[in-house]
Amino acid sequence: MGNSDSKLDFRKAVIQLTTKTQPVEATDDAFWDQFWADSTTTIQDVFALVPAAEIRAVREESPSNLATLCYKAVEKLVQGAESGCPTEREKQVILNSTRILTRILPYIFEDQDWRGFFWSTVPGAGRAGTDELDEDDGARPLAESLLLAIADLLFCPDFTVHSHKRGPDSVESMQSLDSCEYIWESGVGFAQSPPLNYSHDLNRTELLRLLLTCFSEAMYLPPSSDNSVLNPWVTFFCSTENRHALPLFTSLLNVVCAYDPVGYGIPYNHLLFSDYREQLVEQAVQILIVTLEHDGGVSHPPASPSSMEEQESAGPENLFVNYLSRIHREEDFDFVLKGLARLLTNPLTQTYLPNSTKKIQFHQELLVLFWKLCDFNKKFLFFVLKSSDVLDILVPILYYLNDARADQSRVGLMHIGVFILLLLSGERNFGVRLNKPYSVHVPMDIPVFTGTHADLLIVVFHKIITTGHQRLQPLFDCLLTIVVNVSPYLKSLSMVAANKLLHLLEAFSTNWFLFSVAQNHHLVFFLLEAFNNIIQYQFDGNCSLVYAIIRKRNVFHQLANLPSDPSTIQKALQRKKKTPDVISRTSSQETVSMEGSHPAVPAEPGTLKTSLVAMPGIDKLTEKSQVSEDGTMVSVPKIDSPHTVHSDQNAAAGTSDTESNSGRDNEDVFYTEAEMERRRLSTASSTSLWAPTPEWVLSWKCKLPLQTIMRLLQVLVPQVEKICIDKGLTDESEILKFLQHGTLVGLLPVPHPILIRKYQANAGTAMWFRTYMWGVVYLRNVDPPIWYDTDVRLFEIQRM
């Protein structure tokens, strides 16, 4: 009976908040205690008993009551942080206050007039309950008191961490406790693994959920490309004001990277018990990705000092970023990489051993975390590429990309996967690692092949381009840039992969595709560049590709003789109107998909998705580096040239001349105007602004890098034809054998320098990551639905 009574009291108190015409005094403890007294409330109860409409009503009609409720709830947390909540009742008060603040904060953030409330100081509201107030403490803004209390409570013995008490009489004072001895999990910088305690995990999860809600003020501000606007909650929490910043960062990272969802080593064990650790890991990874923010304007931390312990002042102000950028021990890198690889691979193992392990759902957060690790800690990036362990990250990414290609609600996942591969492909080692044979057979909806990880990458990219949904077209540039970046290092492509690349060239070089959108010809340039790299630098070992080029030689001849007269252009555009389909799906010899694989499917109707901001074009996303003889990379300067070929079309794409004419007169002029969102302009609206002209076609046709391939065909085609006639051959293997032992030494043009397009951070990508990341956090927190139906401004919520 007592249980429902206290819920009733709680509900009555909520109603009174909205109906009392007089403000309730802050000193009226009997009234306020009803909000945190109940011992059986859950966060779900709080969401049910405090409806959105009533929170808004209090905010509009009894603002002082809402202010007092927030202030009293924070006061409870501050008191708990000071006492260390020795009794069960005190622990309960802390949890209930935490839940109420989690429920209310989004409604504070959605109202512009209230947003500053937590940053104001409450008159006379020093740290209640303490006599010896430091002078400055009395005037702490509510937000700071709240954040410091949460940090203290996350290292509270017998509440969120194990007690280290020696005997019944010894007391662990919260003020003198060294939280570095209470790190939650072994791993980076900490050797002991405390025993699992599910109530500690639950309490940490509730506090982290409130912390995430504090940080979510970012969701209520519209997207802005001004990166100097920092989130005040994150900035304060990750500053030297928070004495627990290091142990908390370490705890979060270790809890995530040490997590093993297999049910702690026993198959099917997860079916028997509820895994509280999983909820904690989800909250921990979400806290990590939203706190690891670039300091305003500064894109990279300074080189890591030799140890993490060195002076605090070096490097970024945000201590989480600072600590992350300073991790340097090989065993720490190994622990982090193995942990992330294990978790990213988890949903794949599901496919061949259904239900044997718990399937985790937080792979998008893990990908963002991996991205931030590589971005903030270059030593980690080099460690990842140093061994074939990078392939344990690559395979799951390719799996996700392939699986999500038909689902418009997962377009953000497609982007983050491709960005990570773009970042990795800027390093020579990545291309070299791809030569490792691919033997793991993760069931994927792709043709069966025998070959290397490079073949897997090409086959998956081909599948995305030919069978993905329309909204992936802006990613084609990125996908092909990755192929170009790795191409000089690919020792031996399989016949399947070689045919896929030629099918793409065939599809991209039809007249209607080239003439229908101002930048489509860039895709042809990328593919030609990849072929040139392989022929010039990896001819031996690539007889399958050479054979495929010989078989499809008329595609190259057609390109060389591409007509540019007005009537051909018109005809091509007429055809485009009849068949709006992007790429022929038929001419590729589609083979049977792997056993046990599921086809990629569109989103279920009703699926929610969050909108994303536009991504910068490939020329903004990357900068060119030339690989010199000794393998080092030299940045190629962007040249702005006076004469511009397509000024009319830049206006159509909505970019300024200077933006899209960088590099106009150096060799590879064609990538510069690629704007990621370009093909989103529907054909109708863009054709009215832009139309292909003979001059335009000639301006890029004369730059097609066909010399190397034409020379190869000139030398090899007669020889291959002769063999066929002489031996009456129709057998591929004989021809391949001939090509394998053939050589073009001295017959090809002088090899061109290798050009790599390395990812470079900029304001546009930073904004994209922020909207994507918060969109993921919004959609993944559904029980309770923390932000649902509040006036979020950073993105729109769309129903499929």
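Helices (H or I, at least four residues) and strands (E, at least two) are DSSP runs, numbered from the N terminus.

**Figure 1. Overview of the predicted chain.** By that assignment, the protein chain has 34 helices and five strands. Residues are numbered from 1 along each chain as its sequence is written, and side-chain values use heavy atoms, with hydrogens and water left out. The model is predicted: local features need pLDDT of at least 70 and side-chain atom pairs count only at pLDDT 80 or more, while totals for chains, interfaces and linings use all residues. Of the 800 residues, 58% count as buried (buried means under 20% relative accessible area, exposed over 50%, partly exposed in between; 1.4 Å probe, protein chains only). Among contacts (heavy atoms within 4.5 Å) with a separation of 6 or more, 79% join residues 24 or more positions apart.

**Figure 2. The largest pocket.** Its volume is about 900 Å³. Of the 40 lining residues, His-363, Gln-364, Asp-407, Ser-409 and Arg-410 are the closest to the centre of the pocket. On a 1 Å grid over the protein atoms alone, a pocket is an open set of points where a 1.4 Å probe fits, with protein on both sides within 12 Å along at least five of seven lines; lining residues have an atom within 4 Å of a point. Grid points are joined across faces, edges and corners, and the volume is the space filled by probe spheres set on the points.

**Figure 3. Elements and composition of the pocket lining.** At least two lining residues come from each of H13 (330-352), H14 (363-376), H16 (391-404), H17 (411-425), strand S1 (608-610) and H34 (763-780). H34 gives the largest share, six residues. The lining of the largest pocket comprises 21 nonpolar, 12 polar and seven charged residues (Ala, Val, Leu, Ile, Met, Phe, Trp, Tyr, Cys and Pro count as nonpolar, Asp, Glu, Lys and Arg as charged, and the others, Gly among them, as polar).

**Figure 4. Crossing of helices H5 and H7.** The axes of H5 (residues 63-83) and H7 (residues 142-153) come within 9 Å and cross at roughly 40°. On the H5 side the contact is made by Tyr-71, Val-74, Leu-77, Val-78, Gly-80 and Ala-81, and on the H7 side by Leu-142, Ser-145, Leu-146, Ala-149, Asp-152 and Leu-153. These contact residues divide into nine nonpolar, two polar and one charged. Axes are lines fitted to C-alpha atoms, for helices over the stretch in contact, and angles run from 0 to 180 degrees between N-to-C directions.

Figure 5. Ser-487 is in the loop between H20 (476-486) and H21 (495-508). Ser-487 is buried, with a relative accessible area of 1%. Leaving aside neighbours within four places in sequence, Ser-487 is in contact with Ala-530, Asn-533, Ile-534 and Gln-538.

**Figure 6. Ser-186 in the loop between H7 and H8.** The loop holding Ser-186 runs between H7 and H8 (198-215). Ser-186 is buried, with a relative accessible area of 17%. Not counting residues up to four places away in sequence, Ser-186 touches Ala-191, Gln-192, Ser-193, Asn-254, Ala-258 and Phe-335.

**Figure 7. Glu-25 and Asn-65.** Glu-25 lies in the loop between H1 (2-19) and H2 (29-32), and is exposed at a relative accessible area of 54%. The C-alpha atoms of Glu-25 and Asn-65, 40 residues apart along the chain, are separated by 8.4 Å.
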